[in-house]
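Visitor: Here's a structure I'd like to talk through. Start anywhere.

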Amino acid sequence: MLNFLTARQTGLDDPLRLRRAESTRRVLNLELNHDRDVDRIHGNGINTIDIEVIEGRYMLSGGADGVIVIYDLENNTRKPQYTCKAICTIGRSSRYVHRFSVETVQWYPLDTGMFVSSSFDKTMKVWDTETLKPAEVFQFEGNVYCHHMSPVARKHSLIAVGTKDPKIQLCDLKSGSRIHVLQGHRGEILSVKWSPRYEHILATASSDSRVRVWDVRRASGSLFTLDQHNGDKSKASSEAVNTAHNGRVNGLCFTADGLYLLTAGTDDRMRLWNSATGENTLELYSGGKDCNILAWVPVLRPPDAEDEGATAKKVGGLSVVNPAFEDAWSSDED
């Protein structure tokens, strides 16, 4: 690290190189906090957790036992060592508890008064935090693997749901009904994520090895399918054309600015994509057989200057123009 500081002081190194080195050092030195613990409530494995973004104080957890727990993460004891207490539990004694494993839990992005859970019991439930009773229950024909609410939506209240069916279900919180399906995948939907940049852009991952990016305002198919070979058919077998991974794609994550999309597959690979163009950046992250820790540190750079209404953006030095992300609504009405 002293070499990095010296090189920076003398002007030999770019400032981003020092920032990346320090970020990498911090990530690789992460370890469990030995002063903080969490009440053990679940009888089996914990499949999913979510911390609300309003205060960053309350955490949801969903387990393989069907139980949902809400924890208070705040340390009210003022002691260095403390245990985060469970303040609410939807346990086996509740008539509303999920019958099978809870796969996803998520706080409503704008208010801690509501959260959503989905389960292998073929249901997705919208819960009232105050009463711990479901305000709405959506029934599906197959196991529910995932769901996601947009963190930035103002013009819609849709929840994207991935099930054993190849069709992505869009459920409307306002009407309490399933209003649309997105067709294109050939296998079960394992992950869905709304863009944190554009409220109408949705990414989906499937067991068919494909990742699709959709504009939910359009009645046609997906905007594009991610291709690990960037269209170079000479590098791909006929089965691998337009596939994101050589196996099931079971994880999706947008970067905070929404410019990039990170995917994970059962081929032991993680890939980073330009979310506007679908281009594989060729940044490949591999856990390998002998690796116990996989750390991803995105490139740190100052935010781009944006003009309101502009569709051309600088992404890593590349000017990207994609009319798919231009707002097509001609009215301000919801």
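Predicted model: local features only at pLDDT ≥ 70, side-chain atom pairs only at ≥ 80, totals over all residues.

**Loops, sheet and cores**

Visitor: Where is N230 placed?

Guide: N230 is in the loop between β17 (224-225) and β18 (249-254). Strands are DSSP runs of E, at least two residues, and helices runs of H or I, at least four, numbered from the N terminus. The phi of N230 is positive, near 50 degrees, and N230 is not a glycine.

Visitor: What about D268, what phi does that have?

Guide: The phi of D268 is positive at about 60 degrees, again without the residue being a glycine. D268 sits in the loop between β19 (260-265) and β20 (269-274). With 38% relative accessibility, D268 is partly exposed.

Visitor: Back up a bit. How many helices and strands does the chain have?

Guide: There are two helices and 23 strands. The chain has 334 residues, and 43% of them count as buried.

Visitor: Which strands form the open sheet?

Guide: Four strands do, in the order β10-β11-β12-β13, with antiparallel pairing (a pair needs at least two DSSP bridges). β10 (144-149) and β13 (177-182) are at the edges with a single partner strand each, so one side of each has no neighbour in the sheet.

Visitor: How many bridges join β12 to β13?

Guide: Five bridges join β12, residues 168-172, to β13, and the two run antiparallel. D172 is the residue opposite S177 in β13.

Visitor: New topic. Is β14 mostly covered or mostly open?

Guide: Mostly covered: of the six residues in β14 (189-194), five are buried. A hairpin of six residues leads from β14 to β15. Five bridges link β14 with β15 (201-206), and these strands run antiparallel. W194 has L202 in β15 as its bridge partner.

Visitor: Which residues have the most contacts inside the largest nonpolar core?

Guide: I168, L170, L182, V192, W194 and L202, in a core of 14 residues. Such a core is a set of buried Ala, Val, Leu, Ile, Met, Phe, Trp, Tyr and Cys residues joined through side-chain atoms within 4.5 Å. At least two residues come from each of β10, β11 (158-163), β12 and β14. β14 gives the most, with four. A separate core has 13 residues, among them V211, V213, A244 and V249.

Visitor: And what does I168 touch?

Guide: Leaving out residues up to four places away in sequence, its contacts (heavy atoms within 4.5 Å) include V161, L182, V192, L202 and W214. H180 and H185 are also among the residues that I168 touches.

Visitor: Last one. Which strand holds C84?

Guide: C84 lies in β5, residues 82-90. C84 is buried, with a relative accessible area of 1%. L73 is 11 residues from C84 along the chain, and their C-alpha atoms are 5.2 Å apart. Beyond four places in sequence, C84 touches R36, D37, V38, D39, Y71, D72 and L73.

Technical notes. Residues numbered from 1 in each chain as written. Heavy atoms only, no water. Buried < 20%, exposed > 50% of the residue type's maximum accessible area, 1.4 Å probe, protein only.
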